[in-house]
Amino acid sequence: MPLVRTDTTSAKNGPGTADAAATSEGGGESLRRVAVASFIGTAIEFYDFYIYGTAAALVLNEAFFPGLDPANATLASFSTYAVAFAARPLGSLIFGHFGDRVGRKSVLVASLLMMGLSTACVGLLPGYGTLGIWAPLLLVLLRFVQGIGLGGEWGGAALLAVEHAPKRRRGLYAAFPQLGPSVGFFAATGVFWLLSAVLDDAAFRSWGWRVPFLLSFLLVGVGLFVRLKISETPVFAKVRAAQEAGRVPALDVFRRHPKELLLGAGGMIIAYGLFYTATTYCLAYTTGTLGISRNTMLGLSLIACLFLAAGTWLAATRSDGSGRRKLVLAGTGLAVVWGLVLFPLLDTGQPVLIALGIGGALFCMGVVYGPMGAYLPELFGATVRYSGASLAYNLGGVLGGAVAPLVATRLQSAFGSASVGWYVSAMAVASLLCVLALPETRTRELG
């Protein structure tokens, strides 16, 4: 959808604000730059995060935990995967603090560097056969650093879009960072699919899986080039000009917005739960338990990714007219039903039905996730918005994303695949109840 000029504003807040104001309400070229800058960071974020999830499902168990039996090695691999989720709230506190006090732009540059470089270093890390116990320990450390960087990334990217956008089009502009998971997931899966297609199994497991991680060096350079050209948001420029920034924004969030923080995190549980169950866990389940080839599943995941993009764009852009809350509720309601459908479709072993099962789950996730790009920032005031939105987003990730593959693995081994579907539906019900307790926000002023 083209980004069009809305109206003009004057640059009255001092040096550096003119460009921000123009970005917010005028120059279409500036608005396009904002859309690209907010989008590219979350695309890289999810590329980095998902290549780890894919590698964890396919090869990290053998490379770093060769002494364990297959089930426990998979659990150990997924546990290193969960470490980054545990680090994300800490990243939200660190980057949110400086994002609310210093500015959105500089913090976004730092978070991109931290996350991208730690991801790339995984591709250089020798395996257990070379370093012994130090290999998994260093893997956990890199994963922890990656999580800290990621904890500051989404909130800043969402604010970059929302705080530059005209009031009646915040959902539209927030759609761009929300498309990051679709594009990052597609790119990560596509790279693994290509490597799996052109390399034999021994080469893939020996060195081929490292290539997607090393590509992160290139992506970080591209992301920095784009982000360094973007000015500070006009909303934060006003906060800075009025010297209204709080001393400890995170404490202000807990004091003034505890309801919004906890319920916003609860609303995010199903978005994360659907994504990482339908991608990381289902990839391990279908290739390991059902015996479907790795290449087939990666190809089906590429198709399913299109459902995620469609749901995200549809819901995010419609939220300007229909409201954020209404669409998030619709997505969680759909997810309650789809959790019960997902594994019966997978267990058929039929590629078309598997693609439908995973694609439907990701479509539900997109309907929830799309409006959240504007919904979470709108729940918080300007002086604590970076901290509040980031904390809500990443606490939801701990509850929905970190534990989902671990719980699903245990449930499936103990009670069968149907129990995993019930678990997904239970997460959806929890999110539904949280969003029901939140207000609509699309008409709010950002301050």
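The expected span of a helix is 1.5 Å times one less than its number of residues. Helices here (H or I, at least four residues) and strands (E, at least two) are DSSP runs numbered from the N terminus. Helix H19 has 18 residues and reaches 24 Å from its first C-alpha to its last, close to the 26 Å expected at 1.5 Å a residue.

The structure is a predicted model, in which local features need pLDDT of at least 70 and side-chain atom pairs count only at pLDDT 80 or more, while totals for chains, interfaces and linings use all residues. Residues are numbered from 1 along each chain as its sequence is written, and side-chain values use heavy atoms, with hydrogens and water left out.

The chain contains 21 helices and 0 strands. Of its 447 residues, 61% count as buried, where buried means under 20% relative accessible area, exposed over 50% and partly exposed in between (1.4 Å probe, protein chains only). Contact means heavy atoms within 4.5 Å. Among the contacts in the chain with a separation of 6 or more, 85% come from residues 24 or more positions apart.

A nonpolar core is a set of buried Ala, Val, Leu, Ile, Met, Phe, Trp, Tyr and Cys residues joined through side-chain atoms within 4.5 Å. The largest one has 113 residues, and Trp209, Phe275, Ile358 and Leu376 have the most contacts inside it. Helix H15 (residues 258–289) supplies the largest share of this core, 16 residues. Apart from it lies another core of 8 residues, including Val162, Val235, Phe236 and Ala382. Beyond four places in sequence, Trp209 touches Val59, Leu60, Ala63, Phe64, Val122, Phe192 and Phe204.

H15 also meets helix H14 (residues 249–256): the two axes come within 5 Å and cross at roughly 90°. Axes are lines fitted to C-alpha atoms, for helices over the stretch in contact, and angles run from 0 to 180 degrees between N-to-C directions. Angles under 35 degrees count as roughly parallel, over 145 as roughly antiparallel, 65 to 115 as roughly perpendicular and the rest as oblique. H14 is therefore roughly perpendicular to H15. Val253, Phe254, Arg255 and Arg256 of H14 meet Pro258, Glu260 and Leu261 of H15.

Helix H19 (residues 385–402) packs against helix H20 (residues 404–415) at an angle of about 20°, with axes 5 Å apart. H19 is therefore roughly parallel to H20. Gly400, Gly401 and Ala402 of H19 make the contact with Ala404, Pro405 and Leu406 of H20. Of the 18 residues of H19, 15 are buried, so this helix is largely enclosed by the rest of the structure.

Helix H8 (residues 170–178) is likewise largely enclosed by the rest of the structure, because 9 of its 9 residues are buried. Among the buried residues of H8 are Phe176 and Pro177. Ser38 lies in helix H2 (residues 28–58) and is buried, with a relative accessible area of 0%.

Gln350 lies in the loop between helix H17 (324–346) and helix H18 (351–378). At 46% relative accessibility, Gln350 counts as partly exposed. Gln350 and Ile292 are 58 residues apart in sequence and 9.6 Å apart in space, C-alpha to C-alpha.
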